[in-house]
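Hi,

Here is the structure I promised to pass on. Have a look at it first, and then read my notes below.

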Amino acid sequence: AMAINVTHYGEVSVLAVAEDLTGENVEEFAVKSKKLADESRHDVVVDLTEAEGIDSKGLESLLELQAQCESGLGHIRLCGLNPTCVTILEITRLARRFEMYPDLDTAVRSFG
C-alpha cells in the first residue's frame, strides 16, 4: 500500500500521509515531493490527518519540501495534525515555520 497519496485540487497539490511520517515513508514522501517540483507544482498541502507521529527525518523532509515550494515561489501548508504532531513541531521550534490548518478543505482554500 502507498503511504503517501498525491491528489491535485486545481493548482494546489496534496500529499496525504496515510501512516506516520517516519522511516521508509519519508523516502516515499521525498520521491513524491521531488516529482511535484519536476511538474512545477509549488503550492502544496501536506495532509497529516492519518499520521500518528513524525520523526526527525520526517521533519527534515517537510523542511526540504518547504524550501522546494518557496524556491518555486509557492507555499506549503500542513493540515490535520494531531496533538502529538503539534507538540513535536512546537518542541523542535518548527511550529512557527509552517502554516497549519485544522482540515484539508480549509488548507486548500487558504491558497485562494
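A quick definition before anything else: a residue is called buried when its relative accessible area is under 20%, exposed when it is over 50%, and partly exposed in between (1.4 Å probe, protein chains only). Keep in mind that this is a predicted model, where local features need pLDDT of at least 70, side-chain atom pairs count only at pLDDT 80 or more, and totals for chains, interfaces and linings use all residues. Residues are numbered from 1 along each chain as its sequence is written, and side-chain values use heavy atoms, with hydrogens and water left out.

Start with Ser40. You'll find Ser40 in the loop between H1 and strand S3 (43-47); helices (H or I, at least four residues) and strands (E, at least two) are DSSP runs, numbered from the N terminus. Ser40 counts as exposed because its relative accessibility is 54%. Its phi is positive, about 55 degrees, although Ser40 is not a glycine.

Leu73 has a positive phi too, about 65 degrees, and is not a glycine either. Leu73 sits in the loop between helix H2 (56-71) and strand S4 (76-79). With a relative accessible area of 77%, Leu73 is exposed. From Ser56, Leu73 is 17 residues away in sequence and 26 Å away in space, C-alpha to C-alpha.

Now for Asn25, which is part of helix H1 (residues 23-38). Is Asn25 buried or exposed? Asn25 counts as buried, because its relative accessibility is 13%. Leaving aside residues up to four places away in sequence, Asn25 touches Ala3, Ile4, Glu19 and Asp20, where contact means heavy atoms within 4.5 Å.

Cheers
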